[in-house]
Amino acid sequence: MSTQPVIVWLRRDLRLEDNPALFAARESGALVIPVYIHDEDEALAPGGAARWWLHHSLKAFAEDLRGCGATLVLRRGDGPSIIKDLVGETGARAVYWNRRYAPALVGRDKALKAALKESDVEVFSFNGGLIREPWEITTNSGSFYKVFTPFWKAVQSQGPARRDPRAKLRKIKGPTSTPASDDLDSWSLTPRDPDWAAAFSETWTPGEDSAQERLKDFLERAVDNYDDDRNRPDLESTSRLSPHIAFGEIGPLQIWRTVMEQIDAGAIPEDQGRKFLSEVVWRDFAHVLLFNYDDIQKQPIRPEFADFPWQDDATALRAWQRGETGYPIVDAGMRQLWQTGWMHNRVRMIVGSFLVKHLRLEWQEGERWFWDTLVDADMANNAASWQWVAGCGADAAPYFRIFNPMTQGEKFDPDGVYTRKFVPELKDIPNKYLQKPWEAPDAILHKAGVKLGETYPKPIVDHMKARQAALDAFENIRKN
Ligand code: FAD
């Protein structure tokens with residue numbers, strides 16, 4: 001065995017099973033130094049809720065690695081500089097990582113690869129995070145897909161990335177003297193004074209074991225009705241795997257293989273299993289957009305939207321962020337986000353539409369707020385979804401599709417269970433008026449203990465007027 005160790009730079013791939021970079025490093029026969037670098041650079045730094053997740057995920061991963069015989073080295077600062085320092089400190093002969101796809105990160109990794117190669121250090125990079133990488137699935141003319149349905153068809157016909165599933169690593173040999181590591185607590189990733197994430201641990205357990213359990217539980221309990229129920233925020237009908245996937249505690253290829261095995265074994269219905277996989281492939285599609293456009297977090301994919309007459313209204317933005325818009329389903333969603341770090345997909349679409357259409361506030365404000373408050377905040381999914389909601393993305397919802405928050409609430413939360421849970425001040429309002437309490441007769445409001453404007457806000461905008469104003473604004477940019 002060579003005495004020169006190798007380094008594995010872990011990023012959003014905090015798992016032992018089916019982790020191609022970690023596996024290849026171990027297979028090289030060298031001693032392995034796994035490293036995680038926390039980069040405080042504004043564009044790369046996780047938001048508040050994701051920092052909470054990261055703390056617990058790193059803790060779980062470091063423990064799992066210790067169980068295999070390796071020590072996770074933690075460092076803070078600029079990734080490439082720290083990797084070069086570590087190569088110098090340890091005399092490592094190679095560096096391994098799983099690839100990332102934002103243009104800035106691709107550029108960063110390429111430059112590091114070139115610099116390391118110049119110093120005779122080998123670099124090996126892998127697909128550890130997608131079903132297929134952004135350049136692999138192309139149209140007949142060789143360009144990337146801008147519409148989801150043909151992309152999904154192409155992924156199904158070409159199949160997932162070809163690599164053997166890798167069992168969980170049980171043994172990784174690290175050097176006897178490990179490079180210096182930060183203490184995770186010194187990064188202060190979890191909030192204090194106030195601890196606004198106190199309730200997160202009632203909903204979530206970060207880490208690879210818990211990700212596997214969640215997949216198992218979803219496949220046993222909910223996948224059979226996934227297509228029918230996935231739009232219902234009052235039912236636990238989706239997998240809630242998103243933060244685990246975002247941090248790479250479970251890889252999409254593991255999900256693909258498990259679901260396909262169960263379909264083949266007749267354990268789950270094929271249509272439901274494939275519908276679930278198509279949602280996982282939306283994540284690949286978002287990465288195609290992330291990879292192919294310069295900056296989807298800030299720049300609209302459809303350039304005409306750069307001239308959209310967005311409003312500048314800090315009071316309305318704050319009401320939206322706090323779940324005080326006076327529209328119960330919107331407020332329920334925004335409060336679910338604040339309390340649990342997560343929001344149901346259907347409600348994400350409703351609150352997103354409300355922000356950009358009813359309030360005509362910039363979609364980037366929504367993107368930033370979600371980035372800071374979601375435990376599953378993901379560069380590709382968040383930006384691509386906000387662009388979709390605002391109508392300026394690839395394959396976006398057409399601009400004239402403006403969700404009516406009352407009918408959306410009545411349709412997808414028919415018994416009001418979700419709305420009442422997160423907007424308890426309306427819990428005694430009958431279903432008929434729950435999504436539009438301003439229409440309830442005084443006697444009903446009185447009986448339910450609701451005083452509009454006091455115990456619960458009056459609507460901050462009039463639905464019909466806001467709808468018309470949005471249509472007019474969108475029509476103008478379309479004409480121009
Ligand atoms: P499931 O229905 O169980 O789906 C399984 C997995 O597929 C998800 O975990 C996720 O990885 C992927 N997925 C599902 N729907 C989508 C989608 N529409 N686009 C891309 N991938 C999808 N998802 C994030 O992971 N991070 C984000 O930052 C994020 N921001 C969003 C912002 C807006 C405005 C909207 C409308 C959606 C956003 N989504 C984001 C997509 C989606 O809402 C979540 O992935 C989903 O709600 C997670 O719940 P789940 O794991 O139970 O999903």
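Student: What makes up the lining of the second largest pocket, by class?

Tutor: By class, that lining has 12 nonpolar, 2 polar and 6 charged residues, where Ala, Val, Leu, Ile, Met, Phe, Trp, Tyr, Cys and Pro count as nonpolar, Asp, Glu, Lys and Arg as charged, and the others, Gly among them, as polar. The model is predicted, so local features need pLDDT of at least 70 and side-chain atom pairs pLDDT 80 or more, while totals for chains, interfaces and linings use all residues. Residues are numbered from 1 along each chain as its sequence is written, and side-chain values use heavy atoms, without hydrogens and water.

Student: Which residues lie nearest the centre of the second largest pocket?

Tutor: Glu 42, Ala 43, Asp 295, Gln 297 and Lys 298 do, out of 20 lining residues. They count as lining because each has an atom within 4 Å of a pocket point; a pocket is an open set of points on a 1 Å grid over the protein atoms alone where a 1.4 Å probe fits, with protein on both sides within 12 Å along at least five of seven lines.

Student: Which element gives the largest share of that lining?

Tutor: α15, with 4 residues; α15 (363-373) and α4 (103-118) each supply at least two.

Student: How much space lies in the largest pocket?

Tutor: About 1300 Å³. Of its 46 lining residues, Glu 279, Trp 282, Asn 345, Asn 381 and Ser 385 are the closest to its centre. Elements giving two or more residues to this lining include α5 (148-158), α11 (270-292) and α16 (379-390). The largest share, 10 residues, comes from α11. By class, the lining of the largest pocket has 24 nonpolar, 12 polar and 10 charged residues.

How values were computed: Grid points are joined across faces, edges and corners, and a volume is the space filled by probe spheres set on the points.
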